[in-house]
Amino acid sequence: MKNVPFGYDSIIVSSQQTIRYVNTADQVRLAWARSGSGPSLVKASNWITHLEYDWESPVWQHWVRFLSEHFTLVRSDERGCGLSQRDVADVSPANWLPDLEVVINAARPEQPFVLLGLSQGVVPAIQYAVKYPERLSYLVLYGGYIRGWALSSNPRAVREGLALVEFTELGWGRSDPIYRRLFTRKFLPEGSEEQLRWCDDLCARAVAPKMAAELMRSRGYADVTGLLEQVTVPTLVVHANQDHVAPLSQGQELAAGIPDAQFVQVESHNHILLEHEPAWKRFCDVVLEFTGVQHTADNEILQSLTDREQEILGKLVSGMTNVEIGQALFISEKTVRNQLTRIFGKLGASSRAQAIIFAKDHGFKLD
């Protein structure tokens, strides 16, 4: 890993990502990272992350890996958390959109880009989509809510939120994880002991006790109910049916309020989908389908073709017959047939038409 002196242009480079810092208008240092390749996707910051530790995490690593495999991923740690500045006076929801704007302006993702909001990251993602619709290709929202617990009409939800904030102030910094486990168990009720223990440790490493309580309190006052109908970007809303943090009703209300939003329900009790869950694969599939990005495995099939096979496939896609392909490449018609048989086998196609459809659907480019 390489470190460059700290400041606006500070850089931490690893084999997986490049981390930089940017200052907000109120002089808070935000850490952001770029990884992967492909179409640009920006993930709004959410609780609780650490740009370095996430790559090692049994809770977050599959999220970062999946997004980096299919997109040029830009993500950040929110103020007060992770590699961003910890000693921050103001962590209210009023900062969420400006902080996202600062990160995006620094990262300069290729436009239009996909904007992803998870959990409370849904709030600034919606705000950004309303303010800058021309910059976005798609808006993807998972496990989100449109108003915080303090604004709930359910008195029980408000009492529970207040109790959790007080609980955090009292127990977050304890050496034993018993207090933090209450929090992590709520997020990962079906998590393994390893996953819960790792999440317990991340909580302690990523944010100080007082800041943890302030961040939790700030979630209670988020509200974008008045913005939903103003969203014009194509939107996908995904929500777990048994989410203990953001109830399914919040996801349904979110999708119902955004014009023409597509809603997908997945089967899980976890707020953060875990890699072994069928719900995780379902999430990956619908995101790739919605954004028009192909699975890495499918792209690797085309890349497995030899130069000659790609050349022949290109001629096939352009509409040439076997005879015409042979004439163009100075090979016999029999050789063309044999080559096409091998190509069909690699593509899993049984006919010329299927091979052509596969190539076009997976972005095969003609020379």
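Is R217 buried, exposed or partly exposed? Select R217 to begin. Its relative accessibility is 27%, so R217 counts as partly exposed. Keep in mind that this is a predicted model.

**Stop 1: helix α7**

E214 counts as partly exposed because its relative accessibility is 30%.

Now select R219, also in helix α7, which spans residues 209-219.

**Stop 2: helices α12 and α13**

Select residues 322-329 for helix α12, then residues 333-347 for helix α13. Two packed helices are described by the angle between their axes and the distance between those axes. Here the angle is about 110°, and the axes are 8 Å apart. An angle from 65 to 115 degrees counts as roughly perpendicular. Therefore α12 is roughly perpendicular to α13.

Which residues make the contact? On α12, show N322, V323, I325 and G326. On α13, show E333, V336, R337 and L340. Colour them by type. The contact residues divide into 4 nonpolar, 2 polar and 2 charged.

Keep R337 and E333 on screen. They form a salt bridge, with the closest N and O atoms 3.9 Å apart. R337 and E333 are 4 residues apart in helix α13, so about one helical turn separates them. R337 has a relative accessible area of 41%, so R337 is partly exposed. E333 is partly exposed too, because its relative accessible area is 39%.

**Stop 3: a network of salt bridges**

Next, select R181, E193, R197 and D200. Salt bridges that share partners join these residues into one network. How many salt bridges are there in the model? The count comes to 17.

**Stop 4: Q250**

Go to helix α8, residues 248-257, and pick Q250. Its relative accessibility is 14%, so Q250 counts as buried. What does Q250 contact, leaving aside its neighbours within four places in sequence? Show G144, Y145, I146 and R147 to see these contacts.

**Stop 5: Y138**

Finish in strand β8, residues 136-142, where you will find Y138. Y138 is partly exposed, because its relative accessible area is 25%. Leave aside the neighbours within four places in sequence, and display the residues that Y138 contacts. They are F113, V114, L115, V233, P234, F290 and T291.

Y138 and A150 are 12 residues apart along the chain. Draw a distance line from one C-alpha atom to the other. The separation is 30 Å.

How values were computed:
Residues numbered from 1 in each chain as written. Predicted model: local features only at pLDDT ≥ 70, side-chain atom pairs only at ≥ 80, totals over all residues. Heavy atoms only, no water. Axes fitted to C-alpha atoms, helices over the stretch in contact; angles between N-to-C directions. Helix = DSSP H or I, 4+ residues; strand = E, 2+ residues; numbered from the N terminus. Parallel < 35°, antiparallel > 145°, perpendicular 65-115°, else oblique. Contact = heavy atoms within 4.5 Å. Nonpolar A, V, L, I, M, F, W, Y, C, P; charged D, E, K, R; others polar. Salt bridge = Lys/Arg side-chain N within 4 Å of Asp/Glu carboxyl O. Buried < 20%, exposed > 50% of the residue type's maximum accessible area, 1.4 Å probe, protein only.
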